[in-house]
Amino acid sequence: MNYHLNYYFIWKYFGRLGWGLVVSLELAIVSILIGCLIGLTLAVVSHGARRPVRILVGAYVEFVRNVPLLLLVYLVFYGIPSVGGFAYSATTSFVMTLSLYAGAYLVEVFRAGLAAIPKGLIDAGRAIGLTPWQRVLYVRLPSMFRIVLPSLGNAFISLFKDTSLATVLAVPELTFGANWIYTNTFRIVEVYTVVAPMYLITGFVLLFGLRRLEHRFAIRRR
Amino acid sequence: MMLMLHSLPFLWQGLLVTLHVSALVVVISLVLGVVLGVGLSFGPWWVVWPVRLYSDMIRGLPLLVLIYSVYYMLPLTGWSVPSFWAAVSALAAFQTAHVIEVTRGAVQSIPHGQHEAGKAIGLGFGQRMIYVVMPQALRRFLPPWINTVVSTVQGSALVSLVGIVDLMFSIQQVIGRTFKPMPLYILGALIYFAINYALSLTSRALEARFAYIRE
Amino acid sequence: MPISVSDDPSTNPLVKVRQLTKAFGINQVLKGVDLDVPKGSVVSIIGASGSGKTTLLRCVNLLESYDGGPIQVDGIEVGYRAGGTPRSERELARIRADIGMVFQLFNLFPHLTATENVMLGLRKVRRMAKAEARATAEHWLARVGLDDKLNSLPIELSGGQQQRVGIARAVAMNPKVLLLDEITSALDPELVGEVLKVVRSLAEDGVTMILVTHEMSFARDVSSRVVFMDGGKVAVQGTSREVFGALAQHERLRNFLARIELKEV
C-alpha cells in the first residue's frame, strides 16, 4: 500500500469541517424544534379525535416512516417545485424534509407521553379547582415533558446523524465538507479519520448532556 | 400517471437490486449480530469489550459516512472489491451493530427469576439456555428485529449514492430521461412504502401476539 | 473454611448448617448461623427484613454462594467439594435437582403451560419419558387443586394459582427438602389461603420443608421448629410452641411479634 498520510490538507481546509459540524447541529436543532411543533400539535389533535382525523394523522406518520429519508429529500427538493412552480433553497428544503421526518416520529412519542401521565395527577389538579386550560398548562404539559425527555433526546441525536444526507443537496454540513476535501485532495483516509471521530465525539457529548438533563428533569418510568 | 406505468419495467431491475442488497445485509447482520449479541450478554470481558466498542462506535456514525468511508477506503488496501460488495459490507456492518443491540436487549430483559427457577429445578447452563432463555428471548427479539429489517431497506437507498443501480438510482435514471420528477418519486415512495409497511405490520402483530411473554 | 463432612445420613438431620457466613461486599449478611432440619420436619424461619433469612434459604440450594460454614443436605456439602474447591455449575445442577424451591414471585416459565412447567424438570433433569412425565405433572397439579388448569398459560392464572403451579413444579421433582421463600408475600390476601392449604397438606404428608414466611399463625400451626433470625444470626429457636410461648420473652422477638400481630389484626 503506497499511501502516505498527510494531514496538512485537513488542517488547511478544516474550516469546512468545523463549520460543517456547526451547520449539521443547526440543521438538527431547527428540525427538532419544528418537528416537536408538528408532533405535539398532531398528538394533541388526534388524542380523542374522530376517526377520520386519526386516520389522516396515521397516514402521514406511516408514510414518512416507511419511505427512505433520501427519497423524501429528493421529493421535496426536486419533486414539489416541479409541480408547484415555486422554488426554495437547498437548506430550506432539507430543513422542511427533516422536520417532517422528525414530526412523524415525534407524534408517537408525544402521544405515548400524553397517555402515560398518571391519572392521579390530573385528578389532583381537578380536586384543587384548576380549570381545564390550567390543568393543561400546569399539570399535563410539565408532566409530559418530563416523560418524553429521554425519547426527545435520542431523537435529536438521531436527527443529528441524519443531517449527513444534506450532502446530496450540497448543503455545507459536515459530510459535504468531508466529500469536498476528498474530491479536491483525494486524501480519503485523513478525511474520514477526522470526520468519523467528529461525529462520534459530538454524539457522545450530546448523549452525556442528555443524561445530565434527564437526571435533572425526567421521571424514570420503570 | 401513464408515465408511472410506463416506467415500471425500468424500475423493476432496480427493485431487484434493492431486494438483493437488503436480503444479503439482513442475513449477514442476523448471523453476526446474534452471535456477537449473545457473546456480549454472556461472554468473558475480552469478548464484551470489543463488541461493546464496535457496537457503540458504528451506531454513533451516520450510515452515509460509513458507506463513503468503506467505499473509498477499501480499494486502498489493495483489495479490489467490486463496489457492490463494498456497499453491502458497509450496510451489513451498520446493521450488525443494531442486531447486536436487539439481541442483547432480548436476552438481558429476561428476568433474573427465570434463570433462578431454571437452576432450582436442576437445569444446567446449556439446558437453561435452550429451554428457558432462548424461547423467551426469541419472542422478545422478533418484533424489534423486523424493525431493523425495515431500516435495512431504508438504508439500502443510500447505496445509490455510490453508484449501485438500485431502485433509488433507477428512479433518478428515469427522471433524467423524462424530466418529470414528481410522479416517479411518488411511485418509488409507494413501492418502498409497500415493502416496509408490510414489515412494520408484521412486527406489530408479533409484538401483540407475544405480549404474554412480558409481565 | 468450609469442610466436606460425610456423616451417616440415618442419624443426622437432613439439612445441617454450621457457622454459615455470607457477605455481600462489605455487608456481612450472615454472621454464623447454625441450623438443623430433621427429615420430615417443617422449619419456619421468621425475622425482620435484612435479618438474613432469605439469604440463608438461598444458600441452601446455592442460588447464593456462601463464604464460611458447611451446608450439608443429606450428608453432601452443597457448595464445595471434598478438597474445599467450589463446585462446578454441572455439579450444582445435580445437587439442585434434589432440592426444591418455590419463589415469592412464582417465576413460572411464561412460554409454557402449567403442565409443561412441571414437566420440564421431569423430562430434562430426571430424564423421564414424555408420557410418564406428563402423568406425574398432571398428578401433582391435581394434588394442588389445579386439574382444570392443566393447559393454561401462566398469564391466564391468578397469583394463587400460579404459586400452586410453582409448588407442583418443585414437589414433582421429588426433592429431599423443599425451600419456600415467602411464597405468599406477593399474593392478594384472599389468595393466600389456598396456597397455605397446599403447604399444610404437604407438611402432613411428611415433606421436609424450610419456610421463610411472614404468616405467623401459619408458622405457628404447621411448623415443628421455628427459628427467629436477627441481624444475621439465629436469635431464638425451638419448637413452635416454645418460640411463640415461653421464649417470646426474648426482647427482640417480642418486639418483632408485636409489630406483626398488630398487622395481623
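Predicted model: local features only at pLDDT ≥ 70, side-chain atom pairs only at ≥ 80, totals over all residues.

Reader: OK, so at what angle do H3 and H5 of chain C cross?

Author: The axes of H3(C) (residues 114–124) and H5(C) (residues 159–171) cross at roughly 25° and come within 8 Å. The two helices are therefore roughly parallel to each other. Axes here are lines fitted to C-alpha atoms, for helices over the stretch in contact, and angles run from 0 to 180 degrees between N-to-C directions. Helices (H or I, at least four residues) and strands (E, at least two) are DSSP runs, numbered from the N terminus.

Reader: Which residues make that contact?

Author: From H3(C) they are C:Ala114, C:Asn117, C:Val118 and C:Gly121, and from H5(C) C:Val165, C:Ala168 and C:Arg169. Contact means that the C-beta atoms of two residues, placed from the backbone, lie within 7 Å.

Reader: Is H3(C) mostly covered or uncovered?

Author: Mostly covered, with nine of its 11 residues buried. Buried means 20 or more other C-beta atoms within 10 Å of a residue's own, exposed 12 or fewer, and partly exposed in between, with C-beta atoms placed from the backbone. Among the buried ones are C:Met119, C:Leu120 and C:Lys124. The cover includes H6 (125–156) of chain B, together with H4 (130–143) and H5 of chain C.

Reader: Switching to strands. What's the strand order in the chain C sheet?

Author: E6-E7-E8-E3-E9-E10, an open sheet of six strands with mixed pairing. Two strands pair if DSSP finds at least two bridges between them. E6(C) (99–102) and E10(C) (233–239) stand at the edges with a single partner strand each, so one side of each has no neighbour in the sheet.

Reader: And what does E8(C) pair with?

Author: E8(C) pairs in the parallel sense with E3(C) (residues 42–47) over four bridges. E7(C) (residues 177–181) also runs parallel to E8(C), again joined by four bridges.

Reader: Which way do the E8(C) residues point?

Author: C:Met209 and C:Leu211 point one way, C:Ile210 and C:Val212 the other, and all are buried.

Reader: Where's the antiparallel bit?

Author: E9(C) (residues 225–230) and E10(C) run antiparallel, joined by six bridges. One of the bridge pairs is C:Val226 with C:Gly238.

Reader: Which helices lie across those strands?

Author: H1(C) (residues 53–60) lies across E3, E6, E7, E8 and E9 of chain C, at about 150° to E8(C). H5(C) lies across E6 and E7, at about 175° to E6(C).

Reader: Last thing, the chains. Which pair has the most contacts?

Author: Chains A and B, among the two pairs that touch. There, 32 residues of chain A are in contact with 28 of chain B. H4(A) gives the most to chain A's side, with nine residues. Chains A and C have no contact, and their closest C-alpha atoms lie 17 Å apart.

Definitions and conventions:
Residues numbered from 1 in each chain as written. Chains lettered and ligands numbered in written order. Parallel < 35°, antiparallel > 145°, perpendicular 65-115°, else oblique.
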